[in-house]
Amino acid sequence: MKIEGIKKILIYFLKRAIAIFITVAIAIYLTIVIANAGGYVDKIIEDEIRMNVAMAIRNDPSVRGFTDEQKQKIIENRVRNEMRRRGLDQPFIIRSIYHLKRALLLDLGTASSMTSDSGSMLVKNIILERIPLSILLFTTITIINFFSALYLGLKLSRRYGSFLDKLIVYLSPLSTIPGWFYGIFLIMIFYSWLHILPPGGFIDFPPPPTLLGKILNVAKHMILPVLSWFISSIFLSAYSERNFFLIYSTEDYVEVAKAKGLPDKVIERRYILRPALPPIITSFALALISSWMGAIVTEAVFNWPGLGMVLSRAIGTFDAPVIVGVTVIYAYLLGATVLILDFIYALIDPRVRI
Amino acid sequence: MDNMEFTSSYSIKGIFREILRYKTGVFSLLIFAILILMSIYAYLSMPYEKAKELWNDSQAWLKYPRNAIPTWLAFFSGKNLPKNIYLKEPKEEIISDNPKVIRYTYNIDYTYDDFPSEFNIFLNSSFKENPPNLKIYWINPYGDRILLAEKTQRADKDIFYIGNEFSIEQKFTDYYKEKLGFYPTFPITIMKGLFGDIETQQVKKGTYRLEIEVQFGDKSDTIQIEPIIYGKVYGVAGTDHLRRPLELGILYGTPIDLAFGLGASLSITIIQLILATISGWYGGWVDNIIQRLTEIYMLLPFLPLMIMISLFYKLTIWQLLIVLIILSIFGSGIKTQRAMVLQVKTLPYIEAAKTYGASNMRIVFLYIIPKILPPVIPGLIISIPAYIFLEAILSLFGVLDPTEPTLGRIIEEAFQNGALYKGFYYWVIEPSLIIVLLAVSFALLGFVIDRIVNPRLKEV
């Protein structure tokens, strides 16, 4: 690839990054407006200020002799001053900009009751420590699904009309049932009935002592969630990829390649797969984005300690700051996913470079 | 996609006739017909409001067994599982006149293979000053007469929970000790004490007798006794942890789910269609705004937002439907539909309409939308299950109105009460199966219609 091409890709990437950032900011702003219609965002910040002020008063030697009532009065006064200093007595339109700035900088306030595993009450810490686990599970799921559907689609398009091909076509309506729903049945079969796989969670307690043992143990816990998403997606995505390949394999240049006597492998890879890649990447992107959404409920079903689990725990304890925080993080995650996929798209689709 | 696709047009009637030519189409229509007929029957036999009230009334189901499995499922277990035994028409003997003491004797022929789940005695008496005092005896096939409890009624309506009395458990442990000659090496539950065989600890089939001696405070006092031995099977669908028969929730929940899915899918698709047509037809800044909004909507964290809104604002399911529609009107469907509009725009009949001076509105609503409607219908139908599952997701997170009986709600309650761990599979499977049936039928129907309106797929 020439320098020229790389420069073009980078400029394209930068443009997309700015566009996506603006879009994410608007999405977060909408979230704030919706959440604050019930006064929740204002309350999150007021609680945080009140807690800081109360701490300061408690450690302040100059107010030691005061009664509780007097202390309370001082606290109220200081909270009001602090709110005014931060501009929180302004009308909502100005306040919302303040909230937006905080959310964009991931300054999400303190949780009302939840704590992170490290003991922090900052919403940012609670959420960020769980993201790697969500990414681990759902990139595994998406990658396994993507490549197996690709492989199966290609094979089916070559053996078009065979028994397996017809079977996949007939089973494709099963893909309307989402992964987490299959998860319920899988838990029922493999845990409640056969007792061979754990019903959920991330690792056994206590965890195995060796590193290899730990990895295998986590993998064992991942079998059911991965399997549930695999069952849910494989039929329809193999079917639609087969259709892509069928359409592309009737092109004239494929016929020419066949006439030249090129081996099947080369034809598949160079003449069918390559041109079909952009639309396939698009479907991959959509799958990845929908997996982020599906993550919430899948993690709740399988007790996987990721982002979705944080959200469901926050719902259970009605922890408003965490709920708003998770929504904000999700906007960022979606933005980042779209950006990365745009980059991959730019790499494989020559039209972007020209 | 080429212009050829838009030259063949179908009427709704034509599509329907075509569907009947496919086996899968007939299958899905049949499933809908069955489910809808069942719901109509339910709604005609009891109005929805009343059913909902009954569903949430904890007192209404006291005489039903808790967590009982469906009758048909018990058939597969190969055992004769107990049903509820309502003891009625006792033999009355007057033991003494002053004070007034009456002995009520019930004979029980117990022939089931498993122990009952509970044993409650419902009392309803009228008294002048002092409530009646009851002595409850149990006579087992061995001929032993055991005093279970001596109790005074606490109010004019009272329930004795025989299965929950620790003192009775103690009595049976003593009884076993005496019979066996040593302290029993196994735990004695009350049900084992009542219906168990002393040697095998299995159920002892035979005739049991319940004797209740009631000593009244005054001669004019009366009492109505209603002992119930609760079974482990009930009805066509079983019962849940609050003793509610599940068929009630399923029958009344299915139409709600259907209406939610259908309403969401239909309104979202139609609004998107109109927006896409306007965007494609007018172009310029209108197009630009709609396209940018679509891009913003694609990055909106839809599910967390839905959860946040329904949690913060405590919406009912129908208010939530409106929120859902607002949150999805600028969905990704607009992009594909707009592409179709751009193709239709160039067709000769639109040119013709323009030349004779048809208004923009007329062209959009009468000429373009009807043309791109058929290819959109399959997507509409296929996306219905997604909204039914959305309802289930929101129920699973417990953010929906808890009084509304929906399929998702039943699954959530089963989860919350450990149905998967305690082995009450029917509780999860029944509502899940209805959802699966709905989802698969909609998908099949959508695929069939897709094949009809997009004839190119027939060849592939």
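Reader: What radius of gyration does chain B have, and what would a compact globule of 460 residues have?

Author: In this predicted model, the C-alpha trace of chain B spans about 105 × 50 × 40 Å along its principal axes. A compact globule of 460 residues would have a radius of gyration near 23 Å, whereas chain B has 32 Å.

Reader: Which share of the 460 residues of chain B counts as buried?

Author: A residue is taken as buried if 20 or more other C-beta atoms lie within 10 Å of its own. Among contacts in chain B between residues at least 6 apart in sequence, 74% join residues at least 24 apart. Of the 460 residues of chain B, the buried share is 37%.

Reader: What is the order of the strands in the open sheet of five strands in chain B?

Author: The secondary structure of chain B comes to 17 helices and nine strands. Five strands form an open sheet with antiparallel pairing, and their order is 2-3-8-5-6.

Reader: Why is one side of strand 2 and of strand 6 of chain B left without a neighbour in the sheet?

Author: Strand 2 (91-96) and strand 6 (145-152) of chain B stand at the edges of this sheet. One side of each is left without a neighbour because each has a single partner strand.

Reader: How many residues of helix 12 of chain A are buried?

Author: Helix 12 of chain A runs over residues 307-316 and is mostly covered. Its buried residues include Leu307(A), Met309(A), Val310(A) and Ile315(A). Of the ten residues of helix 12 of chain A, the buried ones number eight.

Reader: Which helix of chain B do the buried residues of helix 12 of chain A pack against?

Author: Within chain A, these buried residues pack against helix 5 (123-128), helix 6 (131-158), helix 11 (264-302) and helix 13 (320-348). From chain B, the helix they pack against is helix 9 (302-313).

Reader: Which residue just after helix 12 of chain A takes a positive phi?

Author: The helix itself ends at residue 316. Just after helix 12 of chain A, a positive phi of about 50° is taken by Phe318(A).

Reader: Which helix of chain A gives the most to the side of domain 1 that touches domain 2?

Author: The domain assignment of chain A gives domain 1 (3-103) and domain 2 (124-352), and their C-alpha centres lie 36 Å apart. The contact takes 16 residues from domain 1 of chain A and 14 residues from domain 2 of chain A. On the side of domain 1 that touches domain 2, the residues divide into 13 nonpolar, two polar and one charged. The helix that gives the most to this side, with twelve residues, is helix 1 of chain A.

Reader: From which helix comes the largest share of the side of chain A that touches chain B?

Author: The contact takes 38 residues from chain A and 37 residues from chain B. By class, the side of chain A that touches chain B has 29 nonpolar, nine polar and no charged residues. Among the helices that each supply at least two residues of this side are helix 8 (179-193) and helix 9 (211-249) of chain A. The largest share, nine residues, comes from helix 13 of chain A.

Definitions and conventions. Residues are numbered from 1 along each chain as its sequence is written. Chains are lettered from A and ligands numbered from 1 in the order in which they are written. This is a predicted model: local features need pLDDT of at least 70, side-chain atom pairs count only at pLDDT 80 or more; totals for chains, interfaces and linings use all residues. Two strands pair if DSSP finds at least two bridges between them. Helices (H or I, at least four residues) and strands (E, at least two) are DSSP runs, numbered from the N terminus. A residue is buried if 20 or more other C-beta atoms lie within 10 Å of its own, exposed if 12 or fewer, and partly exposed in between; C-beta atoms are placed from the backbone. Two residues are in contact if their C-beta atoms, placed from the backbone, lie within 7 Å. Domain bounds come from an automatic or database domain assignment. Ala, Val, Leu, Ile, Met, Phe, Trp, Tyr, Cys and Pro count as nonpolar, Asp, Glu, Lys and Arg as charged, and the others, Gly among them, as polar. The radius of gyration is taken over C-alpha atoms; the globule rule is 2.2 Å times the number of residues to the power 0.38.
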